[in-house]
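The following exercises are to be worked with the sequence and the model side by side. Each task is followed by a solution in steps.

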Amino acid sequence: MMKIPAFLSGLVVLLLLGSCQQPLKKRNVLVIGDSNGAAGRGWVYQFQQQRGGGPLVNTALSGNTIGFTDAGNRERNTLENLTPYLRRGYAEMGGIDEILIGLGTNDCKEQFADEHGQIAANLITLLDRIGTFFADRGQDLPRIVLLTPPPVGEDAVVNASFQGARACTAALSAEVRRIAAERGLCLVDWQARPGDAVLEFSDDGIHFSERGYEMLARQVVRACY
C-alpha cells in the first residue's frame, strides 16, 4: 500500500476543513459599534452588501464607547449594555456565530482625556464579560473580530469634542493589536489599511462618505473572511 506523504495528508485535512466552513453569508453576525457602524450606509451596511446579505444584528449606536459614561447617559457605554446586546442577537437570530467589535473613537474624546489610559483595560473587561456570558450558559464562544478605530483627522479638521483623538486612536490601536494577538482574535486594522487614505472621504475627520465606508467594509472582509 502506497504511503501518503505527511504534508499531503495535512493538505487534505485543510481542504476538508475549508469545505465544511459555513459560508459568510449564512453566519449569524452581531455588531457592536458606534456611529460609523450605525450610519444608514455606514460600514455595517457596506459589509452586508459585500457578503451578500445574511443574518445580522447591528447594535451600533452614535456616541457609543467601550466603557465610558457621558453625562450619566449609560446607553452609550457598552460595558453597561453588553448583556442586552448579546440577548438581542440570540432573540433575533437564534444564535451568534461572529461578534464584530468596532469601538474606541468616542472613548478618545477630549472629555474623557483623564481616563484615556483606561480604554484598553475596558476592552479587556468587555472581552472577559463576553466569555463569561457564554460560559455561564454552557455555550461555545462565538468568533470575535476586533476592529481598530479608523484613522481620525488632525485637530484642525475635527470639532472640539475630538481634539487629540487622532493620537489617542493611534495609541489605542496599538493596544487593540496586542490584545488581538494575545487572545488569538482576528484583527481588522483600519489604521493600517485603508489607513489615512479613507480620510479623503471624510468632511469632519470622524465620519465618512459611502465610498469611505465601502473601503472600511472591504478591509473587514479581506482581513477576516
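**Exercise 1.** Locate D189 in this predicted model, decide whether D189 is buried or exposed, and list what D189 touches.

*Solution.* 
Step 1. D189 lies in a loop, with β5 (186-188) on one side and α7 (210-224) on the other.
Step 2. The relative accessible area of D189 is 14%. A residue counts as buried under 20%, so D189 is buried.
Step 3. Leaving aside residues up to four places away in sequence, D189 touches T148 and R177.

**Exercise 2.** Describe helix α4 from its start to the residue that follows it.

*Solution.* 
Step 1. Begin at the start of α4, where a side-chain oxygen of N77 comes to within 3.1 Å of the backbone nitrogen of L79.
Step 2. Follow the helix, which covers residues 78-93, to P84; there α4 bends by about 25°.
Step 3. Pass to G94, which follows α4 and has a positive phi, near 80°.

**Exercise 3.** Identify the buried residues of α4 and state what covers them.

*Solution.* 
Step 1. The buried residues of α4 are T78, L79, N81, L82, Y85, L86, G89 and M93.
Step 2. Their cover includes the strands β1 (29-33), β2 (56-58) and β3 (98-102), as well as the helix α5 (119-136).

**Exercise 4.** Characterise the packing of α4 with α5.

*Solution.* 
Step 1. Two packed helices are described by the angle between their axes and the distance between the axes.
Step 2. For α4 and α5, the axes cross at roughly 35° and come within 10 Å. The crossing is right-handed.
Step 3. From α4, the residues T78, L79, L82, T83, L86, R87 and Y90 take part; they meet N122, T125, L126, R129, I130, F133 and F134 of α5.
Step 4. Sorted by class, this contact has eight nonpolar, four polar and two charged residues.

Key
Residues numbered from 1 in each chain as written. Predicted model: local features only at pLDDT ≥ 70, side-chain atom pairs only at ≥ 80, totals over all residues. Heavy atoms only, no water. Bend = angle between axes of the 7 residues up to and from the residue. Helix = DSSP H or I, 4+ residues; strand = E, 2+ residues; numbered from the N terminus. Buried < 20%, exposed > 50% of the residue type's maximum accessible area, 1.4 Å probe, protein only. Contact = heavy atoms within 4.5 Å. Polar contact = N/O pair within 3.5 Å; in protein donor to acceptor, adjacent residues only side chain to side chain. Axes fitted to C-alpha atoms, helices over the stretch in contact; angles between N-to-C directions. Left-handed = near helix turned anticlockwise from the far one by under 90°. Nonpolar A, V, L, I, M, F, W, Y, C, P; charged D, E, K, R; others polar.
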